[in-house]
Amino acid sequence: MSAFPGTATLARLALRRERAIAPWWLLLIVALALVMVSYINTNMGTYQLKLSYLEVIDASPFLHALGGGVVEPRLEVLATWRSGGFLYVASAFAALMSVIRHTRREEDAGRSELVLSGTAGRPAPLTAALLVAGGISLTGGALTAAVLIGIGLEPTGSLAYGAAITVAGWVFGGVAAVAAQLARSARTATAIALTVLGAAYMLRFAADASGQLWMKYLSPVGWSHLVQPYQDERWWMLGVSALAAAILYAVAYRLLDHRDLGSGLLPERLGRESAPELRGPVSLAWRLHRGLLAKWAAGVAVFAVAGGSLGPLTRDLLSRPSIVVDNITRFLGVPMGATQLAGYSWYLILIIAYAVALYPVLMTLRLRSEEGSGRAEALQATPMTRLRWAAGHLVVTALGTAALMAVAGLAFGLVYSLLVGDLTTDLPRFLAGALSTVPAAWCVGAVCVLAYGLLPRASVAISWLVWTLTALLGQVAGPLYGLWGGSPLEPFHYVGNAMTEPPFALLPTAGLVAITALLASGGLLALRRRDFGC
């Protein structure tokens, strides 16, 4: 660190800021690894049940691609197959966001300029960010390995699994470091890095779904899968990831030397002069959010089309007698008959709904970002009050959430109807079912609005925690560890299977809308009474 004066001080500062965020990521990674082991032990305690489960996986390219790799009827292999597809991405996402938070976002806020006006060297902020993000990834991998060894799993495979989690974070920390040099704003840098992560995951997913395994060697996420813990333990793949991370770090430092502080190497699109119709709170929020909403809509449509195209595979799977399928049918409460296939397909809609629930969370965090940057405070010099400003964002967020689920219902229902259903009945049913999840997604965002109004400094950590707990306790993730039907503590628990029940049940829907209104109103009232910009 002596070559970069100020690195140690900035690293300590970054660690201090991470104390409200990083522990939750570490807890999520370690807890999910443990939960998967417990789930396999509880629900597939015999060798025969494990073999039956493998038959279900092998019969569906979609299911096989969720975990990726070669699956064997062994506890440790099944557990890491179930969790690895998520944990590698979680480690990468945590490192990616940490690097951007301590580099590009600091420049946007003007704090980097103040830091560099002292004794800190120009590379110090980037070095500190990479050290902290890399340390978080290393801690997550080490804790996972230690816990798995502690419960009796084979040490060599556990170390390989932990190392694969670690290097995924290192690689995408490097991706974020490069994106922070290319982009002029934290938002653009985040979009670039997340696009790379999404493309890497889709490439890995496509490789396992299609059987074209050579594509995994082109994906940074696939490199972690190719380590194959508890099987071959391909240690040399860890070297590939470490080398790629080192190259990305070197590129980031090189780019840093070729740009001015506060600028980016990619040209920014020039904005147009504000017209009168763009000066209201709703139109201003729409102008800020429309680009991200379009990207979300495209992603939701792609996933919905992919989910709807699984209809024939699901139909074939249900036609084969299996203990595992029978158990899942009983636990999920999907009745036998004409609606069984659609009842199973509903859970793919729910996966999209839980993902879309992240959209209002991110939009609420945008309020905090606008306030922290000073842009929202500058608006207070105009007739636009803070309540009108915040309400405009919330209106656009609420409508955007509904629009995303409408896209999901239309895309999924159309593909499903053309392949295995009836266009006149199934398309409206899937659209109505998708829209019936919107009040639950609004409720998640409303909790974040309340946190933003009452506890602005802790609102980022609280918002991420709210969405994470909603997903983990929900109807999709809950069955992974025996919590069938989800938990009453999360709002999607009160959304029924719209393929087997009427959508928009009066009491649950009205209750969710009422709770959303109360939470959002409380957040706005708290925002009005507290100091702005704190």
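A salt bridge here is a side-chain nitrogen of Lys or Arg within 4 Å of a carboxyl oxygen of Asp or Glu. By this rule the count comes to eight salt bridges, and one of them joins the side chains of Glu106 and Arg17 at 2.6 Å, N to O. The model is predicted: local features need pLDDT of at least 70, side-chain atom pairs count only at pLDDT 80 or more, and totals for chains, interfaces and linings use all residues. Residues are numbered from 1 along each chain as its sequence is written, and side-chain values use heavy atoms, with hydrogens and water left out.

**Overall fold**

- The chain has 23 helices and zero strands; helices (H or I, at least four residues) and strands (E, at least two) are DSSP runs, numbered from the N terminus.
- Of the 534 residues, 50% count as buried, where buried means under 20% relative accessible area, exposed over 50%, and partly exposed in between (1.4 Å probe, protein chains only).
- Contact means heavy atoms within 4.5 Å; among contacts between residues at least 6 apart in sequence, 76% join residues at least 24 apart.
- The accessible surface of the chain is about 23400 Å², and 68% of this area belongs to carbon and sulfur atoms; areas come from the Shrake-Rupley method with a 1.4 Å probe, and for residues only the protein chains shown count as cover.

**Salt bridges**

- Glu107 forms a salt bridge with Arg259, with 2.6 Å between the closest N and O atoms.
- Glu107 is also in helix α6, and Arg259 is in the loop between α12 (235-256) and α13 (281-308), so this pair ties together parts that are 152 residues apart in sequence.
- Both Glu107 and Arg259 are buried.
- Asp208 pairs with Lys216 in a salt bridge whose closest N and O atoms are 3.3 Å apart, and both residues are buried.
- Glu72, Arg74 and Glu76 are linked in a network of salt bridges.

**Nonpolar cores**

- A nonpolar core is a set of buried Ala, Val, Leu, Ile, Met, Phe, Trp, Tyr and Cys residues joined through side-chain atoms within 4.5 Å.
- The largest core has 109 residues, of which Phe172, Trp346, Met405 and Phe492 touch the most other members.
- Helix α5 (residues 75-102) gives the most to this core, with 16 residues.
- Leaving aside residues up to four places away in sequence, Phe172 touches Ala92, Leu96, Val196, Leu197, Ala200, Pro220 and Val221.
- A second, separate core of 10 residues includes Ala14, Ala22, Ala124 and Val132.

- Helix α10 has 25 residues and reaches 36 Å from its first C-alpha to its last, close to the 36 Å expected at 1.5 Å a residue; the expected span is 1.5 Å times one less than the number of residues.
- Buried residues of α10 include Ala193, Leu197, Ala200, Phe205 and Asp208.
- Tyr201 lies in this helix (residues 186-210) and is partly exposed, with a relative accessible area of 23%.
- Contacts of Tyr201, not counting residues up to four places away in sequence, are with Leu66, Gly85, Val89, Ser219 and Val221.
- The C-alpha atoms of Tyr201 and Pro220 are 8.2 Å apart, with the two residues 19 apart along the chain.
- Just after α10, Gly211 takes a positive phi of about 85°.

- Most residues other than glycine have a negative phi.
- Tyr230, although not a glycine, has a positive phi of about 65°; Tyr230 is in the loop between α11 (220-225) and α12 and counts as buried at 4% relative accessibility.
- Glu233 is found in the loop between α11 and α12, has a positive phi near 50°, and counts as buried at 14% relative accessibility.

**Nonpolar surface patch**

- Leu414, Leu418, Leu419 and Leu423 make a nonpolar surface patch of about 370 Å².
- Patches are made of residues with over 30% relative accessible area and no salt bridge, with like charges joined within 9 Å and nonpolar side chains (Val, Leu, Ile, Met, Phe, Trp, Tyr) within 5 Å.
- Helix α19 (residues 386-419) gives the most to the nonpolar patch, with three residues.
- Leu418 lies in helix α19 and is exposed, with a relative accessible area of 62%.
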